Amino acid sequence: MLELKNVSRHFGGLAAVNDVSFLVEAGQVVGLIGPNGAGKTTLLNLISGLDQASKGEIQFNKNFVQKLPAHKINQLGIARTYQNIRLFAEMSVRENIIVGMHTQGRAGLLSAALMTPAYRNEEKWLREQADVLIKRLGLDAFADSPADALSYGDQRRVEIARALATHPKLILLDEPTAGMNAAETERLGDLILSLRDEGLTVLVIEHDMTFISQVCDRVIVLNFGEVIANGTTEDVKANPLVIEAYLGAEESHA
């Protein structure tokens with residue numbers, strides 16, 4: 001489904017991502033791990049069109065996307081969340097999710113201005129679809145609350161719901177458990193597994209190795225912008241390069 005071939009991104013003389021190649025198959029949950037500064041978020045930016053590779057190819061469902069703008073990539077079926085939450089603070093949870101459905105609306109500006117029956121029916125449908133996601137993410141109690149009134153963990157769930165509102169084929173999650181307690185993290189893991197079972201493909205950046213072990217079919221490890229391991233969670237945990245570069249450092253700070 002998603003294939004990267006020799007992808008690099010240079011900022012001046014610094015290689016944030018260096019000659020990265022890997023494949024994400026449809027219906028998988030793939031973890032992307034590594035120490036801070038390894039290039040993980042930069043890689044998601046390249047895949048989602050927020051930045052462009054200095055060289056290499058990114059192919060999604062047989063489409064070369066490395067030169068496409070973010071909105072075109074989203075239309076092809078890639079959605080994402082962000083390490084730094086990007087919600088409309090004063091808009092309600094429901095309104096934030098409806099924003100994610102903007103590509104599904106058909107009513108034009110004139111219909112909206114005139115409040116035509118077609119426009120009102122579309123607004124009703126969008127609200128109903130948003131409420132389905134609100135219920136699924138356990139956000140019922142906050143549906144009409146402004147986003148900035150929610151806890152950090154709940155805001156994370158709103159952002160995931162908004163990404164799902166685009167009906168993606170592939171979702172990129174950048175540290176989705178940040179700010180969540182253990183119970184919330186476990187519930188999010190269950191949600192991701194249920195989405196995978198429904199056919200969604202997931203590429204997730206995460207530092208919580210318990211979470212990675214819970215949800216991931218395969219794990220890719222970055223260090224200094226390069227792939228140093230690619231395999232099952234068990235294989236990666238036992239890899240001496242990974243232990244030295246990442247897992248050992250994590251344990252020493254535990």
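Visitor: Take E175. Is E175 buried or exposed, and what is its relative accessible area?

Guide: A caution before the answer: this is a predicted model. E175 is buried, with a relative accessible area of 14%. The cut-off for buried is under 20%, so E175 qualifies at 14%. Its place is the loop that runs between β7 (170–174) and α7 (182–197). The backbone deserves a look too. E175 is not a glycine, yet its phi is positive, near 50°.

N6 sits in strand β1, not in a loop. N6 counts as partly exposed because its relative accessibility is 41%. F224 belongs to the hairpin of β9 and β10, which has two residues between the strands. There F224 takes a positive phi near 50°.

β9 spans residues 218–223, and six of its six residues are buried. Cover comes on both faces. R218, I220 and L222 are buried on one side, while V219, V221 and N223 are buried on the other. Strand β3 (residues 29–33) runs parallel to β9, with four bridges between them. In that pairing V30 stands opposite R218. Strand β10 (residues 226–231) is antiparallel to β9, over five bridges. Here I220 faces N230.

Now the cores. Nonpolar side chains tend to be buried together in soluble globular proteins. The largest nonpolar core here holds 44 residues. I33, I97, L164, I192 and V202 touch the most other members. Follow I192: leaving aside residues up to four places away in sequence, I192 touches V29, L173, V202, F211 and V215. Apart from that core lies another, of 26 residues, including V65, I78, L170 and L222.

L164 leads on to a pocket. The second largest pocket has a volume of about 250 Å³. Its lining counts 14 residues. L164 lies nearest the centre together with L133, R136, H167 and L195. Helix α5 (residues 117–136) gives the largest share of the lining, with four residues. By type, the lining has eight nonpolar, four polar and two charged residues.

Return to β1, the strand of N6. β1 spans residues 2–11 and also holds S8. S8 is buried because its relative accessible area is 0%. Its contacts, not counting residues up to four places away in sequence, are V17, N18, D19, A53, S54 and K55. β1 is part of an open sheet of four strands, in the order β2-β1-β4-β5, with antiparallel pairing. β2 (14–24) and β5 (63–64) are the edge strands, each pairing on one side only. Strand β4 (residues 55–60) and β5 run antiparallel, joined by two bridges. Q59 stands opposite F64 in that pairing.

To close where the tour began: E175 has a positive phi near 50° and is buried at 14%.

Notes
Residues are numbered from 1 along each chain as its sequence is written. This is a predicted model: local features need pLDDT of at least 70, side-chain atom pairs count only at pLDDT 80 or more; totals for chains, interfaces and linings use all residues. Side-chain values use heavy atoms; hydrogens and water are left out. Buried means under 20% relative accessible area, exposed over 50%, partly exposed in between (1.4 Å probe, protein chains only). Two strands pair if DSSP finds at least two bridges between them. On a 1 Å grid over the protein atoms alone, a cavity is a set of points where a 1.4 Å probe fits but cannot get out, and a pocket is an open set with protein on both sides within 12 Å along at least five of seven lines; lining residues have an atom within 4 Å of a point. Grid points are joined across faces, edges and corners, and a volume is the space filled by probe spheres set on the points. Ala, Val, Leu, Ile, Met, Phe, Trp, Tyr, Cys and Pro count as nonpolar, Asp, Glu, Lys and Arg as charged, and the others, Gly among them, as polar. A nonpolar core is a set of buried Ala, Val, Leu, Ile, Met, Phe, Trp, Tyr and Cys residues joined through side-chain atoms within 4.5 Å. Contact means heavy atoms within 4.5 Å.
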